[in-house]
There are 2 protein chains.
Amino acid sequence: MGKSMINEQYKKMLEGKSVIRQLSEFAAERGREIGYENVFDYSLGNPSVPVPEKLTEVMIELLKTKNSMELHGYSPSLGIASVKDKIADSLNRRFGMDYTGNHIFPTTGAAGAVAHAVRCVTSPGDEVLTFAPYFPEYNLYVNMTGAQLKVVPADTENFQINLEKLEEMLTEKVAALLINTPNNPSGAVYSSETLKELSDLLNKKQKEYGHDIFLISDEPYREIVFDKVEAPYVSKFYDNTLSCYSFSKSLSLPGERIGYVATNPRCRDAELISAICGQISRGIGHNCPPSIIQLAVAEVLDQTSDMSVYETNMNLLYGELTSLGFDCVKPGGTFYIFPKALEEDATVFCQKALKYDLVLVPSDSFGVPGYFRMAYCIDTEKVERSLLALRRFVKENY
Amino acid sequence: MGKSMINEQYKKMLEGKSVIRQLSEFAAERGREIGYENVFDYSLGNPSVPVPEKLTEVMIELLKTKNSMELHGYSPSLGIASVKDKIADSLNRRFGMDYTGNHIFPTTGAAGAVAHAVRCVTSPGDEVLTFAPYFPEYNLYVNMTGAQLKVVPADTENFQINLEKLEEMLTEKVAALLINTPNNPSGAVYSSETLKELSDLLNKKQKEYGHDIFLISDEPYREIVFDKVEAPYVSKFYDNTLSCYSFSKSLSLPGERIGYVATNPRCRDAELISAICGQISRGIGHNCPPSIIQLAVAEVLDQTSDMSVYETNMNLLYGELTSLGFDCVKPGGTFYIFPKALEEDATVFCQKALKYDLVLVPSDSFGVPGYFRMAYCIDTEKVERSLLALRRFVKENY
């Protein structure tokens with residue numbers, strides 16, 4: 001048999017299995033042994049609340065009443081115009097922006113949005129900076145384009161931005177910054193002050209280097225913010241901002257793959273960005289998100305699922321963790337919490353926790369050693385039972 | 001203002017506007033002047049028949065009865081297992097194959113399937129061969145990976161494969177062939193004889209060069225085949241085959257973006273191909289097709305829309321075109337016909353036709369000069385009226 005022509009780069013990627021996925025598979029397997037209700041599975045960020053009833057109603061109505069050729073026909077390659085107009089209106093109303101439909105490019109979730117945005121504003125050889133802790137898939141979205149992701153070390157004090165380190169790393173080679181607020185995995189929400197400082201620095205460096213520096217803002221958790229916390233709208237702070245959104249979390253439909261890139265109308269070449277995203281899509285055969293889902297979410301843009309359970313869970317966990325002596329920043333949003341492990345090696349720590357059927361994700365792949373992530377998008381009743389396991393785990397080991 | 005960091009490669013792509021899209025826009029505009037019913041718009045391959053009723057029923061049933069978190073939750077990154085099993089079963093039953101669910105990788109239509117398949121079995125610098133006439137988007141699916149698409153000249157006799165030219169061009173640099181049968185734009189269906197000859201040549205060359213040569217078979221029109229024509233299942237002829245399918249045409253839902261790559265179980269590294277496709281998806285943030293659509297099509301795998309109108313239209317057009325003296329290969333399937341223009345420059349020919357409100361697509365972008373494509377996925381009543389215009393156009397100009 002001759003030489004295989006399978007692409008070696010992709011083949012090699014198979015070796016690097018995601019830690020989160022491995023843990024999630026462990027949890028499922030353990031569940032088959034002892035009943036999944038007894039596994040305290042904090043591994044996956046899968047929404048645990050139903051979609052808004054209105055969404056289901058809208059979809060049924062579309063299926064019952066709309067001509068099927070229109071309903072399921074090709075979406076224009078830049079998205080359905082009426083849907084984009086409605087998204088722009090909703091953003092303008094809620095965040096005081098001035099988007100038109102042309103600034104909105106529908107994508108398959110925030111993953112698709114970030115991957116498009118990166119391709120749009122970088123070229124091979126450019127650097128993209130992100131801030132630890134960060135979502136590990138960013139490595140792929142950036143590095144597979146020929147650009148290079150570099151990680152600014154975490155501000156572990158409160159998981160805002162380590163501005164000093166950022167200024168050091170923000171060299172002339174940097175084409176874009178990729179931020180994520182509210183943050184997966186820390187749950188931190190960047191404050192207005194953080195965003196103002198970031199914007200000032202970027203504006204200064206743009207002048208100094210004589211080229212644009214784009215801010216790619218990954219915002220799938222924008223709508224999951226807890227009582228008294230304010231989540232400022234990133235694009236208001238900096239003109240060269242591409243906002244990447246997903247309806248996966250706010251409407252609990254991660255499987256339906258719908259989100260968008262919203263281009264700040266004052267950003268460089270704003271009138272071209274959506275069209276360029278369309279070209280990127282062509283090349284990867286990706287095209288638009290599903291037509292029926294575009295049409296359906298357009299009718300519930302100002303709604304969310306009932307997400308109060310995430311705050312309830314957060315308060316339970318934060319209370320217990322701090323009383324057990326964990327060093328932990330209180331999350332302002334998302335459904336993640338990111339405490340410091342009780343020993344240096346987070347992987348060892350999480351291994352020990354597994355004996356108590358506590359499935360925690362060690363922080364190494366998020367770019368910070370010594371922490372762990374809990375995704376508390378699970379039933380509150382289960383969170384409550386997990387507290388006992390957590391107590392036993394800590395008392396018997398530390 | 002400093003230098004723009006917008007990716008120049010993608011920006012440049014904006015200049016090359018699709019001829020088909022331009023013509024389709026012209027048709028829409030003309031429709032606003034004289035009523036769209038009076039524009040004989042043969043530009044776009046958009047299915048013109050409803051989805052099967054069962055599909056709508058299944059979707060409504062899913063929405064009404066299934067837990068919304070399960071229904072709309074994350075699809076596993078390689079697709080929903082039960083869906084893949086059902087697709088494998090259907091293919092095995094209909095085509096005598098022996099796929100398992102693991103050989104099926106769900107994608108966003110055939111575009112996604114081909115783009116994944118190309119990335120999977122080629123590396124930058126490799127060549128991919130296709131056969132004129134061909135779907136112009138192939139240029140993007142291949143060339144944007146760093147591999148290079150080369151076009152084997154057409155067999156204009158009957159739009160099968162020009163084997164002599166193929167053998168000349170099938171050098172050691174070729175990693176894959178990309179074929180499309182039933183063919184857009186010619187409507188030709190590759191015969192068993194053609195596929196056998198192709199397979200023999202590829203097997204010979206694999207041995208000679210000591211490396212695999214993959215056959216990427218783009219089959220979105222597989223189910224649209226006319227009376228007495230047989231469409232052989234390509235993968236039965238050659239082990240190293242990746243079959244790329246879309247439900248867009250057979251179920252009339254091009255907007256919902258669903259298709260798959262089916263890997264021949266005997267192909268090289270067959271057990272890895274789906275997993276590698278999953279890695280490719282990760283990198284482009286593309287992930288799976290929508291969950292509800294995966295689940296819905298799985299219930300209607302052996303059905304199609306009522307597509308008899310396409311054959312009716314084909315016969316009307318073929319009869320009229322040949323009686324008007326056009327040189328024309330009779331389509332065996334699809335909803336395209338590809339006659340020779342009545343003058344050398346097909347673009348000039350199609351420009352003249354526009355004066356009769358006949359919107360025809362010149363063949364140049366399909367890699368063959370001097371022909372034109374008609375997409376007859378329109379109402380038969382309109383086809384009938386268009387015949388008069390066609391007659392006038394020919395009599396007054398040629």
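Residues are numbered from 1 along each chain as its sequence is written, and chains are lettered from A in the order in which they are written. In this predicted model local features need pLDDT of at least 70, side-chain atom pairs count only at pLDDT 80 or more, and totals for chains, interfaces and linings use all residues, while side-chain values use heavy atoms, with hydrogens and water left out.

Q: What makes Arg282(A) and Glu137(B) a salt bridge?
A: A salt bridge needs a side-chain nitrogen of Lys or Arg within 4 Å of a carboxyl oxygen of Asp or Glu. Between the side chains of Arg282(A) and Glu137(B) the N to O distance is 2.8 Å, so the pair meets the definition. Four salt bridges are counted between chain B and chain A.

Q: How many residues of chain B are in contact with chain A?
A: With contact taken as heavy atoms within 4.5 Å, 79 residues of chain B are in contact with 79 residues of chain A. Helix 10 (270-284) of chain B supplies the largest share of the side that touches chain A, nine residues. Helices and strands here are DSSP runs numbered from the N terminus (helices H or I, at least four residues; strands E, at least two).

Q: Why is Gln294(A) called buried?
A: Buried means under 20% relative accessible area, exposed over 50%, and partly exposed in between (1.4 Å probe, protein chains only). Gln294(A), in helix 11 of chain A, has a relative accessible area of 0% and is therefore buried.

Q: What makes the pair Gln294(A) and Ser75(A) a polar contact?
A: A polar contact is a pair of N or O atoms within 3.5 Å; within protein, one must be able to donate a hydrogen and the other to accept it, and residues adjacent in sequence count only if both atoms are side-chain atoms. The side chains of Gln294(A) and Ser75(A) make such a contact at 3.2 Å. The side chain of Gln294(A) also reaches the backbone oxygen of Pro289(A) at 3.0 Å.

Q: Is Lys228(B) buried or exposed, and how do you know?
A: Lys228(B) is exposed, because its relative accessible area is 81%. Lys228(B) lies in the loop between strand 6 (214-218) and strand 7 (241-246) of chain B. Lys228(B) has a positive phi of about 75° although it is not a glycine.

Q: Is Phe159(B) buried or exposed, and how do you know?
A: Phe159(B) counts as buried, because its relative accessibility is 3%. Phe159(B) sits in the loop between strand 4 (148-152) and helix 8 (163-169) of chain B, and has a positive phi of about 55° although it is not a glycine.
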